[in-house]
Every structure is written in C-alpha cells, then in structure tokens.
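Here are my notes for you, written as numbered points. Please keep the model open beside you as you read.

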Amino acid sequence: MKTLNNIPKVLKFTRNLVLTLIFSSLLFGCGSDAGNENASTESGTTEQTQENMEALTEDLTDPMNNKGVGPVDHVDLGPIDEAMVAEGKAIFEENCTACHKIEERYIGPALKELTVRRSPEWIMNMIMNPNEMVQQDPVAKALLAEYLSPMANQNISREDTRKILEYFRSVDEVK
C-alpha cells in the first residue's frame, strides 16, 4: 500500500523532471544560438573592421590612393598642356616660392617629384585646402610635424591650382 501511495508522487516528480529538462533545453538551446548569433555578428563586425583597416593601411601605404581632404576628388590628366604649364609656373612663382623650392627643402618640402609621391587630387587639395588637410590628412599632419610651419592658404582658385599641378607634372617629366 505504501508503494501505491507513492505512485502519484513518483509521477508528479517525473512530470516535473521532464518539464524541467524541456524548459532547460529550450532555455540553454536559445541561449546557445543567441551566443552563436552574437559571435557570428561579432565575427562579421571584426572581419569588416579588419577589411576597413586593410583598406586604410593600403591608402596610407600607397600615397597615390590618398586624395586628401578638400573639394578635389578627381582630376583628369592627359598629355601635358604647355600653356597651362607656363601659367602654372607663373602662379607658383607668385604665390608659393616664399616657402617652396623645386629642388631643395626650404620652409616647406622640395617639390621635385611631387607628382610621383602624391596623387593629383592630394596636391590640389593641399594647395586649395591646407587648413583642413593638416588637421585631417595623415600625410599633411606628418609634413606639418616635420616642417613645423603650416602651409598658408593662398586662396588659389581650382583652375589656377590645376595649372600649378600641370607645372609640377612638367617638372617631374624632365629627368
């Protein structure tokens, strides 16, 4: 008799045990999937961040990928235009030679082979937008740290800046 009295208790215990196991498996199962989902998301974010860092590193290691900061995001270059070179040289001599020389370091860096070291967009942005460049562009920041003198904004127009670039291109073309 004593065992028959225990049957409802055993059934009740078994029912509670089964419910507890089902509930636990659902709870931990969901937690596990959520963890994997978070891990997957974190992994995706990590991969994306790594790709961004690689792209940034590539931009910094290949100076021709760096366009600088400013209004110029694309420059079409063709054969050197001698008329633009002459005008660019005159504009350069009038506005830039107080700090820059072509062949030698002066207040600013020597500009020989500038078009080999920097992208056309970066050169034009540096001429037109020197204040933002030294604040935001890593190369311009490094130049400011080296030369200790910020480049003055000469308020040179985009058209005249393009002529100066053409002058630099002609200088670098002569070997």
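1. Leaving aside residues up to four places away in sequence, Ser119 touches Pro63, Met64, Asn66 and Lys67; contact here means heavy atoms within 4.5 Å. Ser119 sits in the loop between α3 and α4. Helices are DSSP runs (H or I, at least four residues), numbered from the N terminus. With a relative accessibility of 0%, Ser119 counts as buried. The cut-offs are under 20% relative accessible area for buried, over 50% for exposed, and partly exposed in between, using a 1.4 Å probe and protein chains only. The side chain of Ser119 also reaches the backbone oxygen of Asn66 at 2.6 Å.

2. A word on where this comes from: the model is predicted, so local features need pLDDT of at least 70 and side-chain atom pairs count only at pLDDT 80 or more, while totals for chains, interfaces and linings use all residues. Residues are numbered from 1 along each chain as its sequence is written, and side-chain values use heavy atoms, with hydrogens and water left out.

3. Now find Asn95 in helix α2. Is Asn95 buried, exposed or partly exposed? Asn95 is partly exposed, at a relative accessible area of 23%. The side chain of Asn95 reaches the backbone oxygen of Ile91 at 3.0 Å. Not counting residues up to four places away in sequence, Asn95 touches Gln154 and Ile156. Asn95 and Gln154 are 59 residues apart along the chain, yet their C-alpha atoms are separated by 7.0 Å.

4. Next, the cysteines. The structure holds zero disulfides, a disulfide being a pair of cysteine sulfur atoms within 2.5 Å. Cys96 is buried, with a relative accessible area of 11%, whereas Cys99 is partly exposed at 32%.

5. Last, the largest pocket, with a volume of about 460 Å³. A pocket is an open set of points on a 1 Å grid over the protein atoms alone, where a 1.4 Å probe fits, with protein on both sides within 12 Å along at least five of seven lines; lining residues have an atom within 4 Å of a point. Of the 30 lining residues, those closest to the centre are His100, Gly108, Pro109, Met126 and Met151. Elements giving two or more residues to the lining include α2 (82–95) and α7 (158–173).

Note on methods:
Grid points are joined across faces, edges and corners, and a volume is the space filled by probe spheres set on the points. A polar contact is a pair of N or O atoms within 3.5 Å; within protein, one must be able to donate a hydrogen and the other to accept it, and residues adjacent in sequence count only if both atoms are side-chain atoms.
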